[in-house]
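Here is a short briefing on one protein chain.

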Amino acid sequence: MSALDRHFILGYGSLINGESRAKTGETGKVWPVKLHGFERHWSVMSVEYGMSSVAVIHAAEKACNGVLVEVPYDQFPLFDEREQGYQRAVIDAKQLTTYQDHPLPEGTYWVYHTDDVVDPHHECPIALSYLDVILSGCLEHGDDFAQDFLTLTKGWASPLLNDRKAPRYPRVQPEIPTERLNILLAPVTTLSIKELSVTYES
């Protein structure tokens, strides 16, 4: 397979999580990276599930972290459907720096982005059932990577809902252990430790 035939999606939210990716389509190897020239925000991308999502917008001096995921091109319609409301665009290899010393593969790199941020509100808050999936995916790549997700995301003052008892996120992973996630989330979220401690039904 030539480099021209290889395609990669830059996942910076729930696509960081391997189990979550597998619920949509086939994917291959993953490289943890920083994407330069974009900034990640909490934003209302759809009111369908009553929750906000993360989205990136062009921002010249900013960066966010994520994973570069190899995706067979015939799987792209499945990921386009998952990312409805976003625009898919090509990004340049020069916009990426790696967390590891491994060189990035040659091919076409894509990212789902938006032009406008709509601040989360009480009808569409940040939902822990979604955030848990992202953070557990980040921890697949280490504590520093997870901390970078928190630091490099704007909008933490927005309304946040612990919906673990009645998850709003359709690809929820109720088996996720939440104790470690709660410790990570406590400094950045508007919820108290007591509010964060409510977890999924067994």
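For the charge count, Lys and Arg are positive and Asp and Glu negative, while His and the chain ends are left out. A charge is placed at NZ of Lys, CZ of Arg, CG of Asp or CD of Glu. On that basis, the mean positions of the 17 positive and 28 negative charges of the chain lie 3 Å apart.

This is a predicted model, in which local features need pLDDT of at least 70 and side-chain atom pairs count only at pLDDT 80 or more, whereas totals for chains, interfaces and linings use all residues. Residues are numbered from 1 along each chain as its sequence is written, and side-chain values use heavy atoms, without hydrogens and water.

**Overall form**

- The chain holds six helices and nine strands. These are DSSP runs numbered from the N terminus: helices are H or I with at least four residues, strands are E with at least two.
- The radius of gyration, taken over C-alpha atoms, is compared with a globule rule of 2.2 Å times the number of residues to the power 0.38. For 202 residues a compact globule would come out near 17 Å, so the chain's 16 Å agrees.
- Along the principal axes, the C-alpha atoms fill a box of roughly 50 × 35 × 30 Å.
- Buried residues make up 51% of the 202. Buried means under 20% relative accessible area, exposed means over 50%, and partly exposed is in between (1.4 Å probe, protein chains only).
- A contact means heavy atoms within 4.5 Å. Of the contacts in the chain with a separation of 6 or more, 82% join residues 24 or more positions apart.

- Five of the five residues of S1 (residues 7-11) are buried, so the strand is largely enclosed by the rest of the structure.
- In a regular strand, side chains alternate between the two faces of the sheet.
- Both faces of S1 are covered. His 7, Ile 9 and Gly 11 are buried on one side, Phe 8 and Leu 10 on the other.
- Strands count as paired if DSSP finds at least two bridges between them.
- S1 runs parallel to S6 (residues 108-113), with four bridges. Ile 9 stands opposite Trp 110 there.
- S1 also pairs with S3 (residues 53-70), in the antiparallel sense and over four bridges. Gly 11 has Val 67 as its bridge partner in S3.

**Helix H4**

- Phe 145, Ala 146, Asp 148, Phe 149 and Leu 150 are buried in H4 (residues 143-151).
- Their cover includes strands S2 (30-43), S3 and S8 (153-154). Helices H3 (128-139) and H5 (179-185) also contribute.

**Single residues**

- Glu 83 sits in the loop between helix H2 (76-82) and strand S4 (87-91). Its relative accessibility is 12%, so Glu 83 counts as buried.
- Glu 83 touches Leu 15 and Tyr 112, leaving aside residues up to four places away in sequence.
- Gln 100 lies in the loop between strand S5 (96-98) and S6. Gln 100 is partly exposed because its relative accessibility is 37%.
- Ile 193 belongs to helix H6 (residues 193-196). Ile 193 is exposed, at 55% relative accessible area.
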